[in-house]
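Please view the sequence and the structure first, and then read on.

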Amino acid sequence: MKIEYQNLNLILQKFKANPYKIYPVVTPHTGYIREFKIKEGDFVKGPFGKWLEKPGSPLFVLERERNQKIIRAKISGIVQKLRTELLNKFVEAEEIILEIKHPLSQEEIISEILLSALYIIKAPETARYILSPTIASKLEKEGLGKVKVKKGDEILIMAFMKRETPIYFSEEGNFVIYHLYFTPFQLIERDQPLIGFCQEENLPYLQKIIERIKEEWSNS
Amino acid sequence: MKLEWHRKLKELLDTAIYIKDIKGEDFLDISFLIKEISKVYEDFYQYDENFIEKFLMQVESRLKFIIEEGEKTLTPYEIVKIARHPQRFTLQDILENVYDSYMELGGEKELNIDPAIICAKAMIVRKVENDLYFHQVMVIGHEKGHGEEFRQGGSAKPWGNEKALRYMKMAETEGTPIHFFIFTPGAYPIEDYPGSAQQIARNLYYMSKLKVPTIAFISEGGSGGAEAIGLADIRLMAEKGYYSVISPEGAAAIEAKLKEGRPPRELVEKCAKALKLTAKDNLEFGTIDKIVPEPPLGARKKDYKFFKRLKLELIRATDEVILQTRSLKFLRKYVLSKQDTEDFKFFVNWNLDEDEIEILIENRYKKYKKMTQWAVCEPKNIFKTFFDFGHNLGLKFKNEIKYRVLKPGHRGFKKFLEELTTESSLLLKPVSDPVKTVYNIIVSKKIRPKLPTPILEEEISPYTSPLALEDKTVTCPEAEKYGCPDIWVPDLYGEFCGVCPNCGYHFPLEYKWYLNNIFDKNSVKIFNNDIASGNPLEFEGYAEKLKEARKRTGLKSALLSFEAKIGGISLVAVMLVGEFRQGTVGVAEGEKFIRAIELAKITRRPFLALVHTTGGIRIHEGTLGLVQMPRCTMAVRDYVDAGGLYIVIYDNNSYAGPVASFLGSAPYQFALKSTRLGFAGPRVIRETTGQDVPPDYHSAENALKRGHIQGIWDRRELRKKLFTALLTMGGKNLYYR
């Protein structure tokens, strides 16, 4: 597997032109929209605090059976496409009321790029994972981006109900471990990314791109 | 000579800075004086001797004048500042200067499970004419340190209080008297095992029947932290100390309804005044027994005269406690009360024998029961008082006969027969069986017919919560997490008992719901309803709030005491009502609690405490409220030791004082789901520890994990669960000794 340079450049350009991700806000159930708490172009905050215990900014009030429910923002960003004409109108469930334009931060862009550029091992089951002892000791010595793996190497151990199943590397070619998405013994949901590998020859190129992103996007 | 002057100058400089800290910068040009002294101090060796000598004299007389002036205009908040000042004497200074020799136990300095608490075995010397007598005592107290960071300013962590308890037990086995020294702004409010509230409750519970004389000396007594080692036979207090239910800053934050940040200074000063936290006020209230005088503007590290006085007072107080238990004491007590020098006229042996220990514990119980009773607001009616007294006496007599005289006889004989039959059934059956039959015919069958096992029948009064009268739906607060559908209000507050059917979240309900839905139909009989919450401190603006609460709820205090039945099992119960001043506990509540638990003891019935909500001790009643903690815990200990079954059930929010005393000391505590219970709320924790706490820090689940409560119940099954609990934990007779 090779990184398609063209493709990556395209992605980068796209991010540059539009460094946002759009999150539509839909109604959870039917009801009347009683009040908009925001205006078009307002900045709203998602849940925050150390444990995300403080709720996000209120967006609008949805009423069903005289139960006025405040719908809150789940992510921070700018309000757009607000459908003010729906005020005091009946809406169906799952109807889009507004969109939140979420400005992507440096880390979010890098993770997006990495997801498209790396070869990723995903979790086959919901279980706890640890690195195989040889890989773990190598990583400790050499650090990320330097440990080489071949086809057939034992990479991970899946620990599930006291049973341990090894996971092997199955791709041809020279790969290095580039990114870890998990901490050992953490419970990982199925199909979540575990490890990202990068082909050895692509390594300098990828690092260059990431440095460029770090330079060009201010860390906000 | 010059060296000594230099040292003296430094002392004077320290004194001047101390005065500035207490009285403020503008007090009698003190800032200017400090500047002058420090100038001379810095270039000390450039001045000639004559100048220095003169200067010293001048400064000394000036400071003396300032101190005297300062003493005249001392305000309560300045007293608080004196008690907290790093130059004030600490426990370490007391150990050095009051006791002859000492050995610190359980860690020293930083190498300590909790550096804020010091335990030490010490010797105190009594001089009788020309003989010296050595008394061994256990010293337990807070160490503030002269500004060291690791001491946490004397805030004891839960494990620090646990250490104190351990050494109390040690002193008890050894029979040495204990001297407690209280120098704390409050307990360190964290819930890590064993939990602030739980440990304080355990300490109080144990101290109430400690078999050795205990003396407490209070310099800075901050609420729960002070009570954790403050239940003593005699409580001394430093003249410039403070003893309060809450720090003036905390009170001001509550008064100003602040969620974050610091309260304004004027309000803090006002609250310090309103809380009546000085030694003089406390002596007047009867929450302390004696004041130890201090030099003007408070004793500091090197006031040796004060330490001498303190030693005298400590020995005298211990003597007094001991002599109260002795039969031949009159002359010695008289001499002791006249005593004013360190030369004692006689020697008192500080060891107690078993009878004396019994008297000691009885005296302690009486002392705390009497405390604050003067502040109880009860309509005075001589006839009723007399009637009540007679009624109680009658009840006591009847139950004594029933349980003390008749029952043990039965039980003993029955047990003996059982033993006899099981041990030698084969051999003796022909002999024992006829005897048993005859005994059964004569006694058991006639006097005590076998009671049928109680069965819980659904006999509760039909009651609809006024909350259920609205035709609308509400959203469960946990809906996002568990995807709960909206709930129709009449369903929620009717059939569902205020519980979300999907996730089990408990919505708060009004107190009347419990009265009608837990107990049998028409079985609730409220008593002592005349005792009303008052305003003993004359706290400004509080009388109106009280009036408003009374009007809104129709109650006279936050505690309801009643007799009731569950499935035919008769019990005595109290309920802390959240609608009335957040269920805070003051004099009236404490008194009602004690009377209710004593009734349960006399009539040998189980005792139930339902906590609808409690916000702690009522700050508007100051230390009068605070001493309800040891008072009620003592009643609990008395009841449980006599063999009673005490169950506590928490709902909604339960925090602070009550949880750290009479509720937390219950052997059986249960919480309903969605309950939050702990010692201090998130704001207080953030302000004292500087750390945020997770949103589920005070949840019932975490309390269960820590071992604070015994189980989490569902409100829908409360009646059934209580019935089973009464049967299983109380046994058949519900009074198991």
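This is a predicted model: local features need pLDDT of at least 70, side-chain atom pairs count only at pLDDT 80 or more; totals for chains, interfaces and linings use all residues.

Domain 1 of chain B spans 2-73, while domain 2 of chain B is made of 88-248 + 276-370, and the centres of the two, taken over C-alpha atoms, are 35 Å apart. In the contact between them, eight residues of domain 1 of chain B meet six residues of domain 2 of chain B. Four residue pairs are in polar contact across this interface, both residues being at pLDDT 80 or more. Helices α1 (2-23) and α3 (49-72) of chain B each supply at least two residues of the side of domain 1 of chain B that touches domain 2 of chain B, and α1(B) gives the most, with five residues. By class, that side of domain 1 of chain B has three nonpolar, two polar and three charged residues.

One salt bridge is found across the interface of domain 1 of chain B and domain 2 of chain B. B:E71 forms a salt bridge with B:K240, with 3.3 Å between the closest N and O atoms.

Over all chains, the whole structure holds 52 salt bridges; the table gives some examples.

| Salt bridge | N to O distance |
|---|---|
| A:K81 and A:E99 | 3.6 Å |
| B:E220 and B:R84 | 3.6 Å |
| B:K545 and B:E255 | 3.5 Å |

How many residues apart in sequence are the parts that B:E220 and B:R84 tie together? B:E220 lies in strand β7 (residues 214-222) of chain B and B:R84 in helix α4 (residues 76-84) of chain B, so the pair ties together parts that are 136 residues apart in sequence. B:E220 is buried, at 0% relative accessible area, whereas B:R84 counts as partly exposed at 28% relative accessibility.

In chain A, A:K81 counts as exposed at 55% relative accessibility, whereas A:E99 counts as buried at 15%.

Terms used
Residues are numbered from 1 along each chain as its sequence is written. Chains are lettered from A and ligands numbered from 1 in the order in which they are written. Side-chain values use heavy atoms; hydrogens and water are left out. Domain bounds come from an automatic or database domain assignment. Contact means heavy atoms within 4.5 Å. A salt bridge is a side-chain nitrogen of Lys or Arg within 4 Å of a carboxyl oxygen of Asp or Glu. A polar contact is a pair of N or O atoms within 3.5 Å; within protein, one must be able to donate a hydrogen and the other to accept it, and residues adjacent in sequence count only if both atoms are side-chain atoms. Helices (H or I, at least four residues) and strands (E, at least two) are DSSP runs, numbered from the N terminus. Ala, Val, Leu, Ile, Met, Phe, Trp, Tyr, Cys and Pro count as nonpolar, Asp, Glu, Lys and Arg as charged, and the others, Gly among them, as polar. Buried means under 20% relative accessible area, exposed over 50%, partly exposed in between (1.4 Å probe, protein chains only).
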